[in-house]
Amino acid sequence: MTRKQILLGVLMCGSLAFATGCVTLEDSDGKAVSLKAYDSVIVEEVHVDPKVPKKELGPLMKGMLQIELLTGDKWKLGTDFDFDEFANYVEKYATVPGTLNGKPFKSAMPVEKFKKQYAKKKAKMGDSLDEPKGVNPLRLRVVITKLDFPGNIDQVVTERSARIHCKIWAYDTNGQKSLGSAIVKAGDSLPGIPISPISLGTRVAKKLIFGGYTRKHVLKLTENLSKEIVKVLDKAKDQ
């Protein structure tokens, strides 16, 4: 298959976000873990592997996870979560210009757009923030192990997605031994690449490599990863 054929195939499905399917939480023997006895999740501070450069991923992931848990129907509030405080943190991250790899870049989005997005998130959570906390919480530990952005045209052609990986562990609040763990991955498709023509798509891809990924894409990656993590927890709760 020629390089152009590969690129065409990528462009035709470029709008699809990378995902890993439904991963299973497993114990040390490789058996599926049931979380049926637990009604809520206490998200511990999210740690970032030293090899991963973007340390702000930790607080972003913790807040995104809290939101994703509370927008579903399987989990109650595990511990206090100040949505407005987190929203203020993300607003500063998303709406203030900064640098990426030493180069200046624009803010991820205007303030007005951010406020609309987070008003929708808060509305989607409904009354979950005001409801009583769960009586049987589990502790969730998350370590972000990899953040991968395509770095050259061949990676853009063959991979098309930025990817983020993490490992999660579930613990009983009264126990020090992990109930189970899982490796969870998520991604975000390359933004801004048109379906055709191929030559134009290639030029856009090259432009993206040399200055494209910004905080907007980091925010999307953390949101996508939080969704995948909650899928794992939901599946274990249904076991």
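Visitor: How many aromatic pairs does the rule count here?

Guide: The count comes to four aromatic pairs, in what is a predicted model.

Visitor: Why is the pair of Phe 83 and Tyr 118 called tilted?

Guide: The ring centres of Phe 83 and Tyr 118 are 6.1 Å apart, and the cut-off for a pair is within 6.5 Å. Their planes stand at 35°; stacked needs under 30 degrees and edge-to-face over 60, so the pair is tilted. Phe 83 is in helix α3 (residues 83-95) and Tyr 118 in helix α4 (residues 111-125), so the pair links distant parts of the chain, 35 residues apart. Both Phe 83 and Tyr 118 are buried.

Visitor: What makes the pair of Phe 114 and Tyr 118 stacked?

Guide: The planes of Phe 114 and Tyr 118 are at 20°, and stacked means under 30 degrees. The centres of these two rings lie 4.5 Å apart. Phe 114 and Tyr 118 sit in helix α4, four residues apart, which is about one turn of the helix. Phe 114 is buried, as is Tyr 118.

Visitor: Which residues form one aromatic cluster?

Guide: The cluster consists of Phe 81, Phe 83, Phe 86, Phe 114 and Tyr 118.

Visitor: What lies over the face of Tyr 118?

Guide: Lys 121 does, at 5.6 Å from the ring centre; the distance cut-off is within 6 Å. Lys 237 lies over the face of Trp 75, at 4.9 Å from the ring centre.

Visitor: How do you know that β1 and β3 pair?

Guide: Pairing takes at least two bridges, and two bridges join β1 (residues 40-43) to β3 (residues 76-77). These strands run parallel, with Val 41 opposite Leu 77.

Methods. Residues numbered from 1 in each chain as written. Predicted model: local features only at pLDDT ≥ 70, side-chain atom pairs only at ≥ 80, totals over all residues. Heavy atoms only, no water. Phe/Tyr/Trp six-rings, centres within 6.5 Å; stacked < 30°, edge-to-face > 60°. Buried < 20%, exposed > 50% of the residue type's maximum accessible area, 1.4 Å probe, protein only. Lys NZ or Arg CZ within 6 Å of the ring centre and 35° of its normal.
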